[in-house]
Amino acid sequence: MSDIKYLAPGTIEEAVKAMQAAGGKGFVLAGGTDLLVQMRSGAREPQTIVDVKKIPEMTTIEELPGGGFRIGAAVSGAVIGEHKKLVAAFPGVVEAINLIGSKQVQGRASAGGNLCNSSPAADSVPAMVAAGVTVQIAGPNGRREVPVEKFPTAPGRNCLQPGEIVVSLTLPAPAAGSSDAYLRLIPRTEMDIAVVGIGVSLTLKDGTVTAARVGLGAVAPTVLLVEDAAKALVGSKLDDAALEKAAAACRAACKPINDKRGTIEYRTKISGVLLKRAAKIAAQRASGATVGGTH
Amino acid sequence: MTAQVYKWIGTRPKRPDGADKVTGRARFGADFNMPGQLIGRVLRSPHPHAVIKSIDTSAAAALPGVRAVVTAADFPEQENLIVPAGEMQVNLRDVTRTIMAREKVLYEGHPVAAVAAASEAIAKQALALIKVEYALLPHVIDVEEAMKDGAPILHDHIRTDGVQPVPTKPSNIAKRIENLKGDVAKGFAEAEVVIERKYTTAPVHQAYIEPHACLASAAEDGQVSVWTTTQGHFQVRGFCSRLLQIETSQIRVTPSEIGGGFGGKTVVYLEPVAIRLSQKSGKPVKMVMTREEVFRASGPAPGGAMTVKIGAKKDGRIVAADITIALQAGAFPGSPIGPACWCSMACYDVDNIRVVGFDVVSNRPKVAAYRAPGAPISSFAVESTIDILAQELGMDPIDLRLKNAAMKGTKTHYGPVFDRIGLVECLEAAKNSAHYKSPVKPGHARGIAAGFWFNVGADSSAAAHVGEDGTVTVISGNPDIGGSRASLALMAAEELGVDYDKVRAVIADTHSIGFNFVTGGSRVTFATGMAVVNATKDAIKELRVRAAKIWGVDPEGVVWEGGKARPAGHNVGEFEPLTLAQIAAQAGKTGGPINGHAQLNAQGAGPGFGVHIADVRVDAETGHVVIDRYTAVQDVGTAIHPSYVEGQLQGGAVQGIGWALNEEYIYNAKGHLDNAGFLDYRIPVASDLPMIETILVEVPNPHHPYGVRGVGEVPIVPPLATIANAVARACGTRMTSLPISPPRLSAALDAAPKLAAE
Amino acid sequence: MAKLHVTTKINGEEVEYLCDAQDSMLDVLRGPLGLTGSKEGCGSGDCGACSITVDGRLTCACLMLAAEAEGHDIGTIEGLAQGEKLHPLQEKFIEMAALQCGICTPGVLVAAKALLDRNPDPTETEVRFWLAGNLCRCTGYDKIIRAVMDVAADMRKTVAA
């Protein structure tokens, strides 16, 4: 009955070839927590499934010289959450990845998959935008890199060309005095898609913000890098005025829709609320105080 | 707390189906398979309202591997006849249109055709080959919209029942009912405080974790076997018999273990279709709904729109209530509007009450029972209003309820006079609880509400079979949803005076025990429990006869005490007591097998009352509500197996919490359900909740041998208002519309006039 | 297209099966392998009734292709008891009435065991968040959480003894 091919190549090159051969009907299988659901609902009808979990480069976390990390695109959230150095350096990115679905989903779902699914509400993406992550892509014409904020192009769409796959995600070494945080608003405490998600990465020197990046999700067709919010924070000691200015920038950046998960008004308001809260957590982390993550 | 001293009643032994259910061995609906079975799938309407102009199944039937195709033409037309379905009532004319649309489709997901094929993949391909021509009609979902003049009319034959003169034009209002007690106008004239508010609740789903599933095998001689997940296999038999014109003796329905029902599995969806497909194909046919199908085409409970006006004296004495309730029935008439009206004011002894109810059809699936059907909706409105009254009067909300509480002798607004009930005891237990006496934490607020459900009795049959070794099998016919086997075995053991582990409770198929009404209405431990007690008594009577034979005395001279036959007195003679095992061992010589039987229509179900307490805090910026502490107090009559009684209270409370906070059917402008999955139909998850403390108040029901009252439904009634009342006290904004989801509460907080800074 | 041949370990025993590329692990467990203890409540990873472990890592069988099991070690509810002896979690769930209808129970038990294997001393909050992916509509979770906490305490005592 089935005409679908399942392939589990051992190298990037083979995976790229398989995707190329599938001619637009090929889908990469990492954790599969989106793909299997989409196949079942009929939203995606692959002819070739390329399981990338036998490719070492895609399933390992590598520490880079200087303090950065390269995370294989198919590494599961559970494995990422257990990597102590990664958690210490990028608590916001890790908590964002660890908020994707249940513990069961965490056992499979990857940051690479979350990115490639290209939902505007993807939890990991705002945090990765804030952390300045770059995406390593391999394709028929070799390798290339794009900043994570340039990767999604529309709901469910991204910049991958035919035959291309995401290999890994590079987290640049954080400057001294840096940390990050991710917060999302969901109606329950777990198992929901973000109504708004926000990642904030800050560098502090003597209590003053010297660098900042803000990633904002679920309020526009793609996750946004909100540069005006970052600008409002830089140079401040996160006083109320600076936070309000940054929150206003987030609200101004929102181009949300009304849907089953939230209204335009609510999403817009919450983007500002979460900006303030996430910035405070990131700042406390950056100044060495331990702040519990959020669920 | 139980006044009488029992050996087994009130203990917490292991349930007999425990090991099967923790090992994966227990067989639920989708776990039954037969050699050579086909897979059945249903083609469903993509439109909320349309005329079916034609259906062409020829291409599907011609697909290799397809063995049968059915449409409405394969099911006989049914008469206009109302029959019971669980706690609700359904019209057979509508039931056949629910299992397969006839002239029109009336909701997205309405079945239009079905196929049976060699595999699921072929069945799905076949569905895609069925061509249905629709003529689209305008649709209406919301209950208030559906009541308006000019709303799209679902059924041309409906003239609002209960209205004089009889209307000449069709309407979506299928029925108007009115309960009247006293003189409402006079009551309000005496009132010193009058509160009036309008409320709405969203439609919700029972959201049992196990989807509907069945397997049907029709033999060439007309005999049919069905395995299915249901709350009532006798009802499945009854519906299939009528819908397919097969005699009941020809249909044997075996219930699987059931993965939750909450009222939603008291009706039929798949079974008649599977039987028909099996008849046409000559093969067994298995059908399992997807989760999406469960949401789109089974179960749901209505949404409601209500106004409540309550008048009271300044001392808190309520003098009048005027209530209007409109409920969505779904595609066909038959919402639980009656119970909604009756339960609305049942907690209160008030002289002047008028309750008017409307049963309204709209383009969504026909509603099914959901745990105390209708009561949570009307109770939300009334209990919210009572809370506003308490705030207005500056009274403690429990004291206000105590002042007006119904008790023995209270005449309800819908007719009956209460016998011994335990509302006052529940209110007092709540007031004296550690929870209520504890200080409210800073930033938190406390809400309370009361709730009522009738509980039902109805038909049950049971048998008690004594084995050769003196152990006993108790046989009845109600699927065990939450531990009822254990409760039935406990009552039989108590009655027999033997150890619990000498009694095994089993659930028989429709051919192996007499009729049993559904597992629903909180009736099993009460009514089937009574049948089990009677069957056990019947067996004991026979045991006494056998002992008398062994001793050569008159049976009247033998009593049954402590699990043994004993001489009734010295004048009978001196005999060593005979144990069950000793009598059983000699059964062959004394008259053959020893069994007991009973059948009854149980009367006197004890009404149930509960009071819930919640402490919440509200994130004022996001509208997120966190429940910090929760207590459910309930009069349970006698707790036969307290752990499972507590479980009913806890589970019911959490379903009510879900109803209050996040659960809702979300329809888009096209009339399509937008959240047909567990991702966006948000039932509570473990991390949303605190422990649910329980206080079991035991006011024995005088009409049951062990004082049992139904316990399963009451606990879903109070939580909606309990949460709303706590939220109102936490943030000063009263939510009169459910759910109190973060976007809605946030919008309400933003819209509320800002209070002066404190 | 020929069927795929998969060799894997299920509950410690080597198993071979044939499957189509799109078959989920749950389809194969419940179908040809007859391991119907894993339940399908949603088919989309939202309910946890099909919870299994893959190389000790908790996941949903409905979110995994059967073809992916090649060379891995799968754990299902059927592997929790050892011979005649129930796992302490199974014993405690019966003893404390931590199940009503029982449809979510296999998934909850597999998930709870995965938690205790990693964290023998979880807080109530940790248990609640770990089990957030296992929907239960009957119990309100109270007795489930208590049972898991109790087993963890018992197991710590056993280890200490």
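Predicted model: local features only at pLDDT ≥ 70, side-chain atom pairs only at ≥ 80, totals over all residues.
Okay, let's start with chain C. It has five helices and five strands. Walk along the sequence and the pattern you get is β-β-α-β-β-β-α-α-α-α.

What about the inside? Of the 161 residues in chain C, 63% are buried. And here's one about how the chain folds back on itself: take the contacts between residues at least 6 apart in sequence, and 60% of them join residues at least 24 apart.

Let's zoom in on one helix of chain C, α2, which covers residues 88–95. Which of its residues are buried? They are Leu89(C), Gln90(C), Lys92(C), Phe93(C) and Ile94(C). Notice that Lys92(C) is on that list, and lysine is in the charged class. The cover over these buried residues includes α3 (105–118) and α5 (142–160) of chain C, and also α1 of chain B. Just past the end of α2(C), have a look at Ala97(C), which takes a positive phi of about 55°.

That brings us to where chain B meets chain C. Each of the two chains puts 42 residues into this contact. On the chain B side, α1 (18–23) and α19 (642–661) each supply at least two residues. Which element of chain B gives the most? That's α19(B), with seven residues. By class, this side of chain B has 21 nonpolar, 14 polar and seven charged residues.

Now over to chains A and B. Here the contact takes 19 residues from chain A and 19 from chain B. On the chain A side, the largest share comes from α11(A), with five residues. The residues on that side divide into eight nonpolar, four polar and seven charged.

Helix α11 of chain A (residues 264–286) packs with α21 of chain B (residues 742–751) at an angle of about 85°, and the axes are 10 Å apart. That angle makes α11(A) roughly perpendicular to α21(B). Who's touching whom? From α11(A) we have Glu265(A), Tyr266(A) and Lys269(A), and they meet Pro743(B), Ser746(B) and Ala747(B) in α21(B). Sort the residues of this contact by class and you get three nonpolar, one polar and two charged.

Last stop: a sheet in chain B. Three strands form an open sheet in the order β22-β23-β24, with antiparallel pairing. Why do β22 (558–561) and β24 (578–579) of chain B each have one side without a neighbour in the sheet? They stand at the edges with a single partner strand each, so one side is left without a neighbour. Between β23(B) (residues 564–567) and β24(B) there are two bridges, and Ala565(B) stands opposite Leu578(B) in β24(B). Helix α16 of chain B, residues 524–551, packs on this sheet and touches β22, β23 and β24 of chain B. The direction of α16(B) makes about 130° with that of β22(B).

That's it from me, thanks!

Key:
Residues numbered from 1 in each chain as written. Chains lettered and ligands numbered in written order. Contact = placed C-beta atoms within 7 Å. Helix = DSSP H or I, 4+ residues; strand = E, 2+ residues; numbered from the N terminus. Buried ≥ 20, exposed ≤ 12 C-beta atoms within 10 Å, placed from the backbone. Axes fitted to C-alpha atoms, helices over the stretch in contact; angles between N-to-C directions. Parallel < 35°, antiparallel > 145°, perpendicular 65-115°, else oblique. Pairing = 2+ DSSP bridges.
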